[in-house]
There are 2 protein chains.
Amino acid sequence: MAESDVKILGAWPSPYVMRTQIALNIKSVGYEFLEERFGVKSDLLIKSNPVYKKIPVLIHGDKPICESLVIVQYIDEAWSSGPSILPSDAYDRATVRFWAKYIDDKWFPALFEIAKAQGEEAEAEAEAVKQLLAGTTLLEEAFHKCSKGKVFFGGDSIGYLDIALGSFLGWLRVTELNGLIILDAEKTPGLVGWADNFCADSTVKEVMPETGKLAEFTKTLQSWK
Amino acid sequence: MAESDVKILGAWPSPYVMRTQIALNIKSVGYEFLEERFGVKSDLLIKSNPVYKKIPVLIHGDKPICESLVIVQYIDEAWSSGPSILPSDAYDRATVRFWAKYIDDKWFPALFEIAKAQGEEAEAEAEAVKQLLAGTTLLEEAFHKCSKGKVFFGGDSIGYLDIALGSFLGWLRVTELNGLIILDAEKTPGLVGWADNFCADSTVKEVMPETGKLAEFTKTLQSWK
């Protein structure tokens, strides 16, 4: 078998890496997954992403592409073998780009703060919880606007904003294991149903990490502080 | 005269607002500029960008679009009346998206740190200077790769990355007024020539703030600390 033309430099707990995998799955593009070891950077990673030396990197032929949302847009544009990931309308595209950036700049940092805190640093954690819940309410509203009554932000199939938010569902479940309910049938009914549909999708199922395993991993984050 | 269909909520010293203006100029789209007062948020701003309440906002018809790089991509996709702002090749698009994000996440925050410091907080300023110079060297390399021997990152005409970086040239000149040379004929000859061409372009000239006026404005930033 010929060496794959498409490679991902990644690691299983990374939501950003998962975005790359889901996008390739949507396009039915096979890829070789090169697992980076935690705390060690391979020569290929350093060469492929010299600016940040971070995963994920998508290598298409001999060309490296870095930054998960840039990669997802690249995959959508480079392969026409599957549904479009971004909406066709320019205003709808602007809307999903806005919310994807919001998720990365504001929403996930709050979730990450909580995952790291794990009961310590009560004040910072309380502030992060407040931000996360307020942000989730905004995302519930965005879901209703974007999905237009369908099951995904992208309509009938998983799109850009589904990938941007859905990649964090594993982390969300870990946080919920620890007692903080973020997606709630009363307050965010749209997102509750959406999360079920997202995780059950054939493009997602195989790459969503098992919650218990991810919970073990997040405990190691304590040592980062 | 009918009310303009295209409005910008902005303020003259904002590089992010300038991006929106340059992109509309490239497409030869006229617009109404609604100046937001410093420290006061208009009702229209709060209504149009409820998440961040920040400028710029582009209002096209009755639709608000927020976040400067999202806006620039929207303008490129919504109007075909002028050269393309993003490259046509998917890999080239990924490359300019990567560097534009780098400029916003890493490069400009260092420049902003220096603008705010103005001689105080020597240690933080020294670190920011180091980061800014290293980042500028990376951008010099990116310029040579993207421009392929032509005058702009975008080739013969101003493109996405030109707008992303060029919008900060006013701030760069203020920093240079204060004695820190960032674009240097020996170390970054490509960017020196590029900056001249960018500022002389008809889509840029009228919206680039005068350096002395901007220098006065940056002094007020001291009071933000």
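**Close-up views of a predicted two-chain model**

For chain A, an unreviewed UniProt entry lists residues 4-83 as "domain: GST N-terminal". UniProt positions follow the numbering used here, feature names are shortened, and annotations may be inferred rather than shown by experiment. The model is predicted: local features need pLDDT of at least 70, side-chain atom pairs count only at pLDDT 80 or more, and totals for chains, interfaces and linings use all residues. Residues are numbered from 1 along each chain as its sequence is written, chains are lettered from A and ligands numbered from 1 in the order in which they are written, and side-chain values use heavy atoms, with hydrogens and water left out.

**View 1. The annotated span of chain A, residues 4-83.** The span is 36% helix and 21% strand. Its end C-alpha atoms lie 23 Å apart. Helices (H or I, at least four residues) and strands (E, at least two) are DSSP runs, numbered from the N terminus.

**View 2. The open sheet of chain A, four strands in the order β2-β1-β3-β4.** Pairing in the sheet is mixed. Two strands pair if DSSP finds at least two bridges between them. The edges are β2 (32-35) and β4 (63-66) of chain A; each has a single partner strand, so one side of each is left without a neighbour in the sheet. From one strand to the next, the twist averages 20°. Angles run from 0 to 180 degrees between N-to-C directions, and axes are lines fitted to C-alpha atoms, for helices over the stretch in contact. Strands β1 (residues 6-10) and β3 (residues 57-60) of chain A run antiparallel and are joined by four bridges. Val6(A) has His60(A) of β3(A) as its bridge partner. Helix α1 (residues 15-26) of chain A packs on the sheet and touches β1, β2 and β3 of chain A. The direction of α1 makes about 160° with that of β1(A).

**View 3. The β3-β4 hairpin of chain A, with two residues between the strands.** β3(A) and β4(A) run antiparallel, joined by four bridges. His60(A) has Lys63(A) as its bridge partner in β4(A). Gly61(A) takes a positive phi near 65°.

**View 4. The β3-β4 hairpin of chain B, with two residues between the strands.** Strands β3 (residues 57-60) and β4 (residues 63-66) of chain B run antiparallel, with four bridges joining them. Opposite Ile59(B) stands Pro64(B) in β4(B). In the turn, Gly61(B) has a positive phi of about 70°.

**View 5. Helix α1(A) against helix α3 (residues 68-78) of chain A.** Their axes come within 9 Å and cross at roughly 5°. That makes α1(A) roughly parallel to α3(A). Angles under 35 degrees count as roughly parallel, over 145 as roughly antiparallel, 65 to 115 as roughly perpendicular and the rest as oblique. From α1(A), the contact takes in Tyr16(A), Arg19(A), Thr20(A), Ala23(A) and Leu24(A). From α3(A), Ser68(A), Leu69(A), Ile71(A), Val72(A) and Ile75(A) take part. Contact means heavy atoms within 4.5 Å. By class, these residues are seven nonpolar, two polar and one charged. Ala, Val, Leu, Ile, Met, Phe, Trp, Tyr, Cys and Pro count as nonpolar; Asp, Glu, Lys and Arg as charged; the others, Gly among them, as polar.

**View 6. Helices α4 (residues 90-117) and α5 (residues 122-147) of chain A.** They pack at an angle of about 150°, with axes 9 Å apart. α4(A) and α5(A) are therefore roughly antiparallel. Their crossing is left-handed: the near helix is turned anticlockwise from the far one by less than a right angle, whereas clockwise would be right-handed. Residues of α4(A) in the contact include Trp99(A), Tyr102(A) and Trp107(A). Those of α5(A) include Val129(A), Leu132(A) and Cys146(A). The contact divides into 16 nonpolar, four polar and two charged residues.

**View 7. Helices α4 (residues 90-117) and α5 (residues 122-147) of chain B.** The axes come within 9 Å and cross at roughly 150°. α4(B) and α5(B) are therefore roughly antiparallel to each other. The crossing is left-handed. Among the contact residues are Ile103(B) and Leu111(B) of α4(B), and Ala128(B) and Leu139(B) of α5(B). The contact has 16 nonpolar, four polar and two charged residues.

**View 8. Backbone details in the loops.** The peptide bond from Ile55(A) to Pro56(A) is cis, with omega near -5°. Pro56(A) sits in the loop between α2 (43-48) and β3 of chain A. In chain B, the bond from Ile55(B) to Pro56(B) is cis, with omega near 0°. The loop between α2 (43-48) and β3 of chain B holds Pro56(B). Lys148(A), a residue other than glycine, has a positive phi near 50°. Lys148(A) lies in the loop between α5 and α6 (160-166) of chain A.
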